[in-house]
Amino acid sequence: MKQLMKTLATAALAASVALPMAAADYTMRLSHGDNENNPTHKGALKFEELVEKYSDGRIDVQIFPSNQLGSEQEVAQALRMGSIESEILYTGNLVPLAPSVGVMMLPYAFTSNEEAHAAMDALTGPLNERLPKEAGVRALGFFEKGFRVLTNGEREVTSLEDLQGLKIRVSKNNIAIETFKSWGLDPIPMAWSEVFPALQQGVIDGQENPYTTAISSKFYEVQKYISEVHYLIWSGPIIVSERFYQGLPEDLQEALDKAGREAADYERAVSAEETEAAKKELVELGMVLTGAPVDEEKWQSAAKGLWPQFAPDIGGAEWLEEATQIMNDAIASK
């Protein structure tokens with residue numbers, strides 16, 4: 001009898017081990033456009049880990065890097081319809097669908113990473129009163145990859161005077177275009193895929209992107225100088241389909257909110273480390289880092305003077321005033 005009981009117990013244990021893990025209650029596909037070495041992807045992995053932890057495995061996050069599910073704007077449209085659940089995308093690519101998030105792109109809204117983080121965190125709640133209506137999405141947290149610094153292959157740019165005459169590529173974004181015009185340039189909007197060959201061929205003299213992009217895109221092969229203009233930080237929200245979010249029980253909504261905040265903090269730390277590493281590597285590769293322009297207050301004055309004209313593109317004058325106050329209060333409290 002003892003042998004029989006032992007045999008049955010062993011069989012029961014083996015059967016329990018062989019059983020598959022219980023399937024998650026929800027599947028959450030997370031799209032982003034960067035490769036797997038980028039801070040965005042590392043932040044996505046942390047978000048996956050935290051969501052599955054805080055939901056007790058009831059939400060299964062599946063990450064799709066390098067735009068596998070479509071371009072950033074295509075995926076954002078799919079989130080609106082609820083056919084894809086979540087995405088990390090550049091704020092500028094969300095603005096056409098959700099104009100209110102454009103306050104994050106106001107030139108010189110903040111001039112340090114710490115100021116940017118305070119403003120992003122303070123604006124997340126108020127934005128989530130607007131984004132579901134505008135684009136059918138909500139933000140769980142904002143990633144950042146550092147300020148967009150100016151590179152060029154012609155000369156050191158330490159003042160507005162040095163900038164004059166340079167052919168600078170900017171993204172196809174009205175705020176970026178008008179900002180560079182305020183500095184006396186005729187900027188050249190250009191698709192990202194065309195930038196490197198245009199630099200190689202001399203069609204443009206320079207461009208503006210974070211330090212880490214200068215490494216990953218090998219701009220050191222065709223550019224010599226970097227100037228630290230602090231007019232715009234690269235920001236990118238983790239957005240979730242409002243349809244998906246509202247279909248979750250309250251405890252799982254809270255799990256997503258918490259995971260989003262903590263993943264954003266993690267990604268920002270990773271980004272800071274990689275930005276410093278990129279700066280050192282670029283110097284080793286022969287680039288000249290000139291720091292901030294000596295007359296950056298002139299750059300700021302010209303660019304910030306444009307804010308009122310951007311109001312119609314970013315949710316209206318009333319929202320611009322409200323958001324500006326929120327950002328200023330958050331920055332002042334740091």
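**Helix packing and salt bridges**

Let's start where two helices touch: Glu-115, Ala-118, Ala-119, Ala-122, Leu-123, Pro-126 and Leu-127 of α5 come up against Trp-319, Ala-323, Ile-326, Met-327, Ala-330 and Ile-331 of α15. Sort the residues of this contact by type and you get 12 nonpolar, no polar and 1 charged. Keep in mind, as you look around, that this is a predicted model.

How do the two helices sit against one another? Two packed helices are described by the angle between their axes and the distance between the axes. Here α5 covers residues 113-127 and α15 covers residues 317-332, and they pack at an angle of about 135° with their axes 8 Å apart. That angle is why α5 counts as oblique to α15; the cut-off for roughly antiparallel is over 145 degrees. As for handedness, the crossing of α5 and α15 is right-handed.

Now stay on α5 but turn to charge. Side chains of opposite charge can pair when their charged atoms come close. Asp-121 does this with Arg-268: the two form a salt bridge, with 2.9 Å between the closest N and O atoms. Because Asp-121 belongs to α5 and Arg-268 to helix α12 (residues 250-284), the pair ties together parts that lie 147 residues apart in sequence. The two ends of this bridge are worth checking for accessibility. Arg-268 is buried, at 5% relative accessibility, whereas Asp-121 is partly exposed, with a relative accessible area of 45%.

For a local pairing, look at helix α2 (residues 39-54). Glu-49 and Lys-46 are 3 residues apart in α2, so about one helical turn separates them. Their side chains meet in a salt bridge, at 3.3 Å from N to O. Glu-49 is partly exposed, at 44% relative accessibility.

Methods
Residues are numbered from 1 along each chain as its sequence is written. This is a predicted model: local features need pLDDT of at least 70, side-chain atom pairs count only at pLDDT 80 or more; totals for chains, interfaces and linings use all residues. Side-chain values use heavy atoms; hydrogens and water are left out. Axes are lines fitted to C-alpha atoms, for helices over the stretch in contact, and angles run from 0 to 180 degrees between N-to-C directions. Helices (H or I, at least four residues) and strands (E, at least two) are DSSP runs, numbered from the N terminus. Angles under 35 degrees count as roughly parallel, over 145 as roughly antiparallel, 65 to 115 as roughly perpendicular and the rest as oblique. A crossing is left-handed if the near helix is turned anticlockwise from the far one by less than a right angle, and right-handed if clockwise. Contact means heavy atoms within 4.5 Å. Ala, Val, Leu, Ile, Met, Phe, Trp, Tyr, Cys and Pro count as nonpolar, Asp, Glu, Lys and Arg as charged, and the others, Gly among them, as polar. A salt bridge is a side-chain nitrogen of Lys or Arg within 4 Å of a carboxyl oxygen of Asp or Glu. Buried means under 20% relative accessible area, exposed over 50%, partly exposed in between (1.4 Å probe, protein chains only).
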